[in-house]
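Reader: I've got a model to look through and would like to talk it over. Could you put it up for us?

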Amino acid sequence: MKAPIAAFGLVAVILAIWAFTGMNRSPLPPVADAGPLAPATLPKGEVVLTVNQEINGQQQVLAYFDLPALQALPIASFETTTMWTHGLQKFEGVDLKIFLDSLGVAAGTLIATAVNDYRIEIPVAEIEQGGPMIAYHVNGSPMSVRDKGPLWIVYPYDANPKYQTEVVFSRSIWQMNRLEVAP
Amino acid sequence: MVNLPFSWVNFGPKDSTRRLVAGLAAIVLFIFLAIAIGTLARQALQQMRLLNTANSDNLQWTLSQTEVEYLQFHIALLQVQAGQTADLDDLRRWFDIFVSRMNIITQGPIYGHLVTEPQMAQEFAAVADFIDDVLPQIDGADLALRAQIPKIAARAQELRKDVRNITLEGIRVFSKMSDSQRHTVSETMGRIALLTVGLILILLMTVFFLAKIYRAAKVQSAENSATRERLQAMLNTALDAVLVVDRAGRLLAFNGAATEIFGYTEAEAIGKKMTDLVLAQDQQKPPLQVNLGAGDLGRLQVNAKRKSGEVFPVEWSRAKTMSPEGEIIVSYVRDISDRIRAEERLTKARDDALAGERAKARFMAVMSHEMRTPLNGLLGSLDLLKATKLTPKQVEFTNVMEKSGAMLLHHVNDVLDISRLESGRIIGDFVPLDLDVLIREVLESQKALAQAKKLRLRYRPEAGAIGSIMGSAIGLRQVLLNLVSNAIKFTDRGLVEVQTSLAIMDGHQRLSLRVRDTGMGIAPGDQARIFDDFVTLDSSFGRRADGTGLGLGIARRIVQSMGGAIGLVSEANLGSTFWIDLPYEKAAKPTLTPRPRKTQAENHMKQPGGSAYVKAAKLDILIVEDNQINRFILREMLIDMGHSVTEASDGLMGVDLAQSRRFDLIFMDISMPALDGIAATLRLRAGRGLSASAPIVALTAHALPDDHALFLASGMNAVLNKPLERAALFRVFEELLMWPKSPSKTSPKPSKSARISGPTKAMAAPPQEDLPILRAGALQELAQVLGPDRLPQMIDRFLQEGHRTLPASLKALAQGHDSQAKDMIHSLAGAAATFGALALQAQLAQMETELKRSNPAGARTMHPDLAKIWAQTAEAMAGI
């Protein structure tokens with residue numbers, strides 16, 4: 001009789017610890033230590049991406065990017081299929097994590113908006129290096145708006161099943177032109 | 001402590017097999033189900049993943065977005081047309097967005113079926129046409145585009161319903177798809193659930209069976225441990241060494257007793273080869289070599305070896321049994337050195353006792369033999385003394401001496417009989433004999449005693465006459481004589497009778513003889529020991545009867561040596577019945593009925609009343625005898641009879657004398673130093689000496705018929721038993737003188753008639769025609785012995801008796817009183833012998849024989865001749 005009681009006790013303790021740590025992990029997004037930011041300057045070329053940040057309830061432009069500016073950042077690249085394209089596609093762009101790092105964004109939620117005002121949110125904490133990228137080339141060519149361009153957040157869907165969820169699919173925003181970092 | 005190999009405790013092989021099969025089946029089923037569940041689960045997972053991934057970019061959103069974006073484009077178009085905005089960028093952007101959306105729908109793999117749906121083909125074609133038509137204008141210059149706006153707007157208006165249809169239809173199709181997918185998933189889930197239930201059931205069953213097996217195993221193990229403990233206890237407390245070996249003969253167990261017996265500790269012994277360890281060197285060969293092929297290993301007695309090297313005998317029993325590790329052999333070894341020693345001691349004790357018994361028997365034989373020789377001297381001298389002139393007082397004394405001497409001789413003979421019986425010599429071969437005659441003869445010999453006590457003495461054959469059987473006449477006669485004389489001794493009034501009957505026991509015919517008396521009986525406490533030696537029941541002062549107490553012991557020995565049994569039934573004051581049970585074997589008519597050795601007492605009693613009655617011509621006689629007293633007695637007797645005597649003290653001397661001188665007669669002692677009587681006779685007969693053909697009379701104390709035959713075969717003519725009696729001596733002379741003076745050398749073989757020891761037979765044999773009525777000189781001899789005055793008186797009495805007896809016997813015969821007739825005839829025959837009435841005596845003897853053979857008719861037919869001979873005899877005697 002003693003053994004089952006001990007087992008139950010052990011299971012209960014484990015469950016309690018699990019529940020407690022789970023609660024702890026429920027995130028209260030840390031306030032971004034924004035600090036003083038230099039005013040964003042407009043690039044020479046056509047702006048393909050505007051990054052905003054909400055500071056003290058006000059939207060401030062954090063950065064403007066034209067395509068060369070993006071392309072100046074380290075180039076990420078992978079091949080994958082997507083459910084929206086036919087056949088294997090080779091994508092080139094900026095790793096989202098590196099992109100955010102370059103902006104000094106380490107926390108909060110990334111809100112991406114497309115030309116057609118489609119909008120998604122990605123918690124910054126869930127963005128990992130080698131994961132999503134801001135693609136600007138597909139199969140070596142720039143993308144037009146007619147073909148989900150000019151920027152598309154793509155995940156390496158084939159590389160990992162965790163990138164095959166509806167959440168990930170919904171976050172695969174194309175024709176993206178705005179980013180906002182929310183606390 | 002002995003550690004048993006665990007294998008000793010067996011599970012039932014059947015039970016364990018069944019369990020094993022059941023367990024295997026359960027395991028196989030379990031694995032099968034687990035695989036099935038696993039497979040299904042994987043399938044379900046894949047389907048779930050499909051649900052998660054493949055079609056999951058929120059189709060409805062995408063499809064409705066198509067219409068939304070188309071409408072945005074349309075609005076932008078209308079705004080431009082209405083002139084509300086001069087900017088064409090918005091229009092162009094929405095067009096691009098719409099194109100992008102349509103590309104996704106037509107190119108994306110998940111919308112594939114939608115495009116190929118036949119109902120949808122028209123709508124898609126319409127959209128494609130529109131895009132193809134409008135695209136150049138959108139991409140064209142602003143002016144050209146503006147000019148085309150109304151036209152594009154009109155077409156866009158038409159296209160609205162197509163886009164709407166695509167959206168609606170798409171939603172319908174995908175709903176259906178998703179339904180069926182969900183259905184598949186739920187079906188798979190259902191199957192998984194079912195299998196899971198099955199699996200759980202099996203698990204439950206397995207748990208149940210495991211619990212059962214566990215319980216059974218627990219019980220079994222409890223039993224096993226109990227059995228083990230019991231076995232262990234048995235092994236440890238066993239007095240025998242217990243050794244268990246495997247197939248290879250290596251020791252698996254070695255108990256405490258084994259350690260004690262062999263000297264090895266358990267640790268030393270385990271694992272060693274048993275045969276090497278505990279067997280003596282010479283025993284390490286089969287059959288003890290472990291031989292598993294043989295079925296029954298059985299028991300052996302072998303020599304074992306202790307650790308010290310000492311070899312000792314053991315009893316070794318082995319049994320083969322099965323253990324899970326294979327066949328094993330269990331040996332029980334018992335140290336039997338003590339037993340063997342005890343057996344040896346016992347054997348030695350028995351041998352010693354037997355040797356003592358033999359020594360005693362030998363001593364008795366020698367003693368009695370030695371006693372007979374001086375007795376011979378005493379009785380012989382007494383006999384001679386009686387022949388001299390004595391006062392009446394002296395006659396009385398000599399009679400007492402004679403009777404006492406006869407009694408002593410009787411006892412000595414009894415003892416001698418016992419020793420002879422011990423050596424199995426008295427019975428002799430079984431020969432055909434007439435039992436009825438034999439019994440009557442025995443009763444006859446005891447008649448005088450019975451009559452003296454006024455007892456009736458009779459033979460009652462209950463099953464009729466027994467007739468001829470195979471048996472030992474001497475043995476039977478002796479037994480019956482002992483029993484009958486005993487019965488007479490202890491019976492004061494009433495009767496003594498012998499009964500015979502036949503019975504069948506266990507399929508064999510048995511002869512039953514009973515001697516019944518109406519005497520004092522024997523107390524139950526004494527009945528068991530009366531057949532022992534030297535038992536006289538009444539050993540108080542007033543002993544009723546004299547005796548050595550050997551009579552029944554002799555009877556028992558004889559009966560047992562004849563393969564029979566003897567016993568008695570008795571009741572105090574009512575009488576006793578001694579019974580004899582013998583194997584019965586019928587025989588053809590007996591050729592002869594050997595006579596018993598007459599007891600000396602009888603002989604003395606029956607001795608003719610006077611002294612020597614034969615005085616033939618003076619003979620030259622040689623006595624060869626080593627014993628001086630015997631020689632003296634015989635010499636005195638012979639000289640008294642008027643013969644001249646030469647003496648030789650041993651065989652060699654006798655042979656020398658006989659070869660150098662011619663003797664008329666030679667008396668030859670049988671047992672002599674240097675050269676015994678038989679050898680001397682053979683030498684004499686074989687030689688060419690002067691006395692080579694002289695008649696030789698054997699002198700012997702060996703009173704056995706077989707011996708007699710041997711003496712006669714060696715060339716002797718007659719046999720005389722010691723101690724010597726004058727009557728017997730006279731008969732020898734009578735006999736020898738009836739034969740040709742000198743038996744021819746070429747036919748030294750004596751006839752049976754030459755055997756003096758059986759007087760009746762000897763007298764009966766010669767043909768009566770040749771016999772003289774009166775032997776010449778017989779009466780003269782009588783006159784010499786009796787004195788001339790008394791002879792006529794004697795003759796007168798003899799004649800009177802004859803005249804009275806002959807008619808009486810004839811009458812008795814006619815009336816069937818055979819026994820009475822026989823008595824008369826016998827009595828008269830004795831008297832006839834005394835007076836030398838040879839013809840009469842022979843005739844009477846023949847009649848007596850016929851009567852003894854229960855043939856009164858034969859006796860009657862002889863009566864006329866008897867009458868004639870009697871007349872002649874009476875005439876001859878009256879003439880004297």
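Reader: First one, then: is Lys148(A) buried or exposed?
Author: Quick ground rules: this is a predicted model, where local features need pLDDT of at least 70, side-chain atom pairs count only at pLDDT 80 or more, and totals for chains, interfaces and linings use all residues. Residues are numbered from 1 along each chain as its sequence is written, while chains are lettered from A and ligands numbered from 1 in the order in which they are written. The call rests on other C-beta atoms (placed from the backbone) within 10 Å of a residue's own: 20 or more is buried, 12 or fewer is exposed, and in between is partly exposed. Lys148(A) has 26 of them within 10 Å, so it is buried.

Reader: What is phi of Lys148(A) near?
Author: Lys148(A) sits in the loop between β8 and β9 of chain A. Helices (H or I, at least four residues) and strands (E, at least two) are DSSP runs, numbered from the N terminus. Most residues other than glycine have a negative phi, and most peptide bonds are trans. Here phi is positive in a residue other than glycine, near 65°.

Reader: Over in chain B, is Asn573(B) buried or exposed?
Author: Asn573(B) lies in the loop between β11 (565–571) and β12 of chain B, and its phi is positive too, near 70°. Its count is 8 other C-beta atoms within 10 Å, so Asn573(B) is exposed.

Reader: How do α2(B) and α6(B) run, roughly parallel or roughly antiparallel?
Author: Axes are lines fitted to C-alpha atoms, for helices over the stretch in contact, and angles run from 0 to 180 degrees between N-to-C directions. Helix α2 (residues 59–82) and helix α6 (residues 142–237) of chain B cross at roughly 170°, with axes that come within 9 Å. Angles under 35 degrees count as roughly parallel, over 145 as roughly antiparallel, 65 to 115 as roughly perpendicular and the rest as oblique. That makes the pair α2(B) and α6(B) roughly antiparallel.

Reader: Which element of chain B provides the largest share of the side that touches chain A?
Author: Contact means that two residues have C-beta atoms, placed from the backbone, within 7 Å. On that basis 17 residues of chain B are in contact with 16 residues of chain A. Eight residues on the chain B side come from one element, α3(B).

Reader: And how many helices and strands are there in chain B?
Author: Chain B has 880 residues, and 33% of them are buried. Residues 24 or more positions apart account for 69% of its contacts with a separation of 6 or more. The tally is 27 helices and 17 strands.
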